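Please have the model open as you read.

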Amino acid sequence: MTQTASVADARRAVIPMDAPIGAELTGLDVAAGLDDAALAFVRDALHRHAVIVIRDQHLTPAQQTTFAKQIGEPRVSFYNRYAVPGQPELSIVSNITENGEAIGIADAGMLWHTDGSYLKTPDLYTVLYGIQIPERDGRALGDTVFASATHAYEALPDAERARIDGLRAIHSFERHIEKKRAKGQLKRAPLSAEQKAALPDVDHPVVRTHPVTGRRGLFVTEGHTAEIVGLPEGEGQALLERLNRHVQQPAFQYRHSWRPGDLIVWDNCAVQHLAVFDYGALPRRLHRSGILGPVPV
Ligand SMILES: [Fe+2]
């Protein structure tokens with residue numbers, strides 16, 4: 001090991017959040033690139049804590065993409081109109097408009113969800129980098145709230161766990177858009193017929209096993225899960241509502257207050273998340289990369 005590496009190793013630390021999930025990682029300069037040891041450190045912390053926060057980073061879009069490619073294989077978003085120019089794997093999450101046009105997705109995460117669950121192969125991890133963070137009276141706005149799907153599953157009564165094991169549920173992008181529209185929250189351009197055809201409903205297990213840690217977690221969300229396969233409509237909806245209320249309890253949450261330069265990675269197999277829209281027209285901009293995952297089992 002070189003001296004530089006050992007100095008860097010000594011500065012590295014994992015500081016768990018005061019929450020059941022989440023940890024801050026120190027001693028990392030992501031722009032400079034991560035060696036194998038640093039990458040193993042990041043992956044291990046991610047799998048232990050489900051949400052990792054690396055503060056005070058200074059990343060160009062290309063450097064964020066390089067980092068995302070070290071974590072896994074980034075997805076090229078089907079919302080190409082909101083990609084960072086020259087970086088098809090990076091999407092802009094923003095409420096900013098330029099020349100009357102939205103520069104990014106303005107309504108991401110208004111309902112509890114996991115990224116890409118409406119796809120056959122959902123995003124396993126998400127990398128989100130804070131660039132412009134609104135604040136009011138010195139307090140940051142636009143928090144992201146995470147809820148542990150694994151803790152929630154483990155906290156269910158035995159009878160409820162037995163009841164849901166083996167069930168499958170439908171995840172629907174179109175249904176999600178309709179839910180947002182019904183709440184008056186839809187701010188993005190409507191899907192084209194071609195995009196709709198490319199996003200048919202999919203079904204996934206209600207309880208998912210993590211491909212790396214082997215831990216089981218709830219895999220139904222308020223945002224995207226439309227129904228339980230094989231259950232009568234009323235019974236399925238009642239079960240979904242019960243599970244959604246359960247996973248959304250504060251006891252399972254970590255709430256992240258953003259600062260510019262925060263680089264966050266979360267594990268979509270272990271957590272659900274929600275965006276807090278409390279900043280009105282104050283400008284906000286983040287860059288997001290989704291990392292491809294396997295078919296959920
Ligand atoms: Fe999301």
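Predicted model: local features only at pLDDT ≥ 70, side-chain atom pairs only at ≥ 80, totals over all residues.

Residues are numbered from 1 along each chain as its sequence is written.

**Core**
- The largest nonpolar core has 59 residues. Such a core is a set of buried Ala, Val, Leu, Ile, Met, Phe, Trp, Tyr and Cys residues joined through C-beta atoms within 7 Å.
- A residue is buried if 20 or more other C-beta atoms lie within 10 Å of its own, exposed if 12 or fewer, and partly exposed in between, with C-beta atoms placed from the backbone.
- Val51, Ile52, Leu218 and Val271 have the most contacts inside this core.
- Leaving aside residues up to four places away in sequence, Val51 touches Ile21, Gly22, Phe146, Tyr254, Ile264, Trp266 and Val271. Contact requires C-beta atoms, placed from the backbone, within 7 Å.

**Strand β8**
- β8 spans residues 123–132, and eight of its 10 residues are buried. Strands (E, at least two residues) and helices (H or I, at least four) are DSSP runs, numbered from the N terminus.
- β8 runs antiparallel to β20 (residues 285–292), joined by eight bridges. Strands pair if DSSP finds at least two bridges between them.
- Tyr129 has His287 as its bridge partner in β20.
- β8 also runs antiparallel to β18 (residues 263–267), with five bridges. Here Thr126 stands opposite Trp266.

**Helix α2**
- α2 (residues 36–49) has 14 residues and reaches 20 Å from its first C-alpha to its last, close to the 20 Å expected at 1.5 Å a residue. The expected span is 1.5 Å times one less than the number of residues.
- Its buried residues are Ala38, Phe41, Val42, Ala45, Leu46 and His49.
- Seen down the axis of α2, these buried residues fall within an arc of 130°, so they line one face of the helix. The arc is that of the directions from the helix axis to the C-beta atoms.
- Exposed Asp36, Ala40 and Asp44 sit on the face of α2 turned away from its buried side.

**Two loop residues with positive phi**
- Ala50 lies in the loop between α2 and β3 (51–54). Its phi is about 70°, although Ala50 is not a glycine.
- Ala50 is buried, with 29 other C-beta atoms within 10 Å.
- Asp56 is in the loop between β3 and α3 (61–71). Its phi is positive, near 60°.
- Asp56 counts as exposed, with 12 C-beta neighbours inside 10 Å.

Conventions:
Contact = placed C-beta atoms within 7 Å.
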